Amino acid sequence: MIREAPERNLALDLVRVTESAALASSRWLGRGDKNEGDKAAVDAMRLSFSALDIKGTVVIGEGEKDEAPMLYNGESLGTGRGPEMDVAVDPVEGTRLLAFGRPNAIAVVALAPRGTMYNPGPAYYMKKLVVPAQAKYHVDIKMPVAENLRKVAKAIGKAVDDLVVFVLDKPRHEDLISEIRQSGARIQLHTDGDVAGALMAVTPWGDVDVMMGTGGTPEGVLAAAAIRVMGGEMQGMLDPQSDEEKKALLDAGYNLSRVLTLEELIQSDDVFFAATGISGGTFLKGVQFTGEGALTHSMVMRGRTGTFRKIEGLHSFDKLMRISAIKYR
């Protein structure tokens, strides 16, 4: 059998991008200013991308929704050398979590071959269902909540009242929360951070078994990259939260009753994903300053090989700032 020589794992380059964003933004932990924390992460991430050998185009960026000046949809990233890639970024997933010192703010990046990443266009919100690999093919986002939870419980070998469901604590989820409680399952309510919630549902050490509810469409595409590597299942339906968003979607030809599968959200196995903890939590520890530098905690994934790594990085600011324009302190 002829075996291919190992190719460069871009996920190991991506983790430098998420580490830089986490280090820069973590200085704003709990200081009440989500815009400054996000700006610090955006600036650091954009500068780090400039050294990455890809021809990248931002498909999921800091675009119109956040009125961000950089890492906008359609922006070119990388050196212009290397493979053509779709890029999804969220420099701070959970800007309010960072601003108010709450857990599970993370810096996230994903890459996929050009043209294989779902472009949400004017879709800001998506209804999502995420389950681990054992429950793949057992769920349907259009089924009643209780039925999906029964099927997940059976697939993973638990009782329904053993399950923990991640749900964003939003008024729009009042009925969903009531249905989950009536089923007997338990709930973790989070104010923000549904990328982290989706990852918790598919990683072995996650505190939750299922992620349900409506969150950001861009965040859904980002999460889909990691879920595809981990072998889990994700289904989505566009779920506009305003008349303006609904009209924009219908005018652009989007079908609001269509179920988006994981394979539609990310159409290639040759995907790369990296995330670094900013504010900490049970999922990914946050940036820990040592006085002379900092310790970071990251995860990186490569779809083609299915490789998943957890990486701890010890950073010396004196050395970093001799070669980097990023202000780490």
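Predicted model: local features only at pLDDT ≥ 70, side-chain atom pairs only at ≥ 80, totals over all residues.
User: Is Asn 104 buried or exposed, and what is its relative accessible area?

Analyst: Asn 104 touches, among others, Glu 93, Leu 97, His 190, Met 200 and Phe 283, not counting residues up to four places away in sequence. Buried means under 20% relative accessible area, and Asn 104 falls within that class because its relative accessible area is 8%.

User: How many of the 8 residues of strand β4 are buried?

Analyst: Strand β4 covers residues 106–113 and is largely enclosed by the rest of the structure. That description follows from the count of its buried residues, which is 7 of the 8.

User: Which residue in β11 is the bridge partner of Val 108?

Analyst: Strand β4 is joined to strand β3 (residues 84–93) by 7 bridges in an antiparallel arrangement, and in β4 Val 109 stands opposite Val 89. β4 also pairs with strand β11 (residues 272–277), again in the antiparallel sense, over 6 bridges. Within β11, the bridge partner of Val 108 is Ala 275.

User: Which residue in β9 is the bridge partner of Lys 128?

Analyst: Strand β5 (residues 125–131) pairs with strand β9 (residues 233–238) in the antiparallel sense, over 6 bridges. For Lys 128, the bridge partner in β9 is Gly 236.

User: Which residue in β7 does Val 167 stand opposite?

Analyst: 5 of the 5 residues of strand β6 (residues 164–168) are buried, so this strand is largely enclosed by the rest of the structure. Both of its faces are covered, with Val 164, Phe 166 and Leu 168 buried on one side and Val 165 and Val 167 buried on the other. β6 and β7 pair in the parallel sense over 5 bridges, and the residue of β7 that Val 167 stands opposite is Leu 189.

User: How far apart in space are Ala 153 and Ala 135, C-alpha to C-alpha?

Analyst: Ala 153 is found in helix α4 (residues 145–156) and is buried, with a relative accessible area of 2%. Not counting residues up to four places away in sequence, Ala 153 touches Lys 158, Ala 159, Val 160 and Leu 163. Ala 153 and Ala 135 are 18 residues apart in sequence, and their C-alpha to C-alpha separation is 8.3 Å.

User: What is the radius of gyration of the chain?

Analyst: The secondary structure of the chain comes to 10 helices and 14 strands. For 329 residues the globule rule gives 20 Å, and the chain comes close to that value, so it is as compact as a globular protein of that length, with a radius of gyration of 19 Å.

User: How far apart do the centres of the positive and negative side chains lie?

Analyst: The chain exposes about 14,900 Å², of which carbon and sulfur atoms supply 47%. Its charged side chains comprise 39 positive and 44 negative ones, and the centres of the two sets lie apart by 4 Å.

Note on methods. Residues numbered from 1 in each chain as written. Heavy atoms only, no water. Helix = DSSP H or I, 4+ residues; strand = E, 2+ residues; numbered from the N terminus. Buried < 20%, exposed > 50% of the residue type's maximum accessible area, 1.4 Å probe, protein only. Contact = heavy atoms within 4.5 Å. Pairing = 2+ DSSP bridges. Rg over C-alpha atoms; globule rule 2.2 N^0.38 Å. Areas by Shrake-Rupley, 256 points an atom, 1.4 Å probe, with all protein chains shown as cover. Lys, Arg positive; Asp, Glu negative; His and termini not counted. Charge placed at Lys NZ, Arg CZ, Asp CG, Glu CD.
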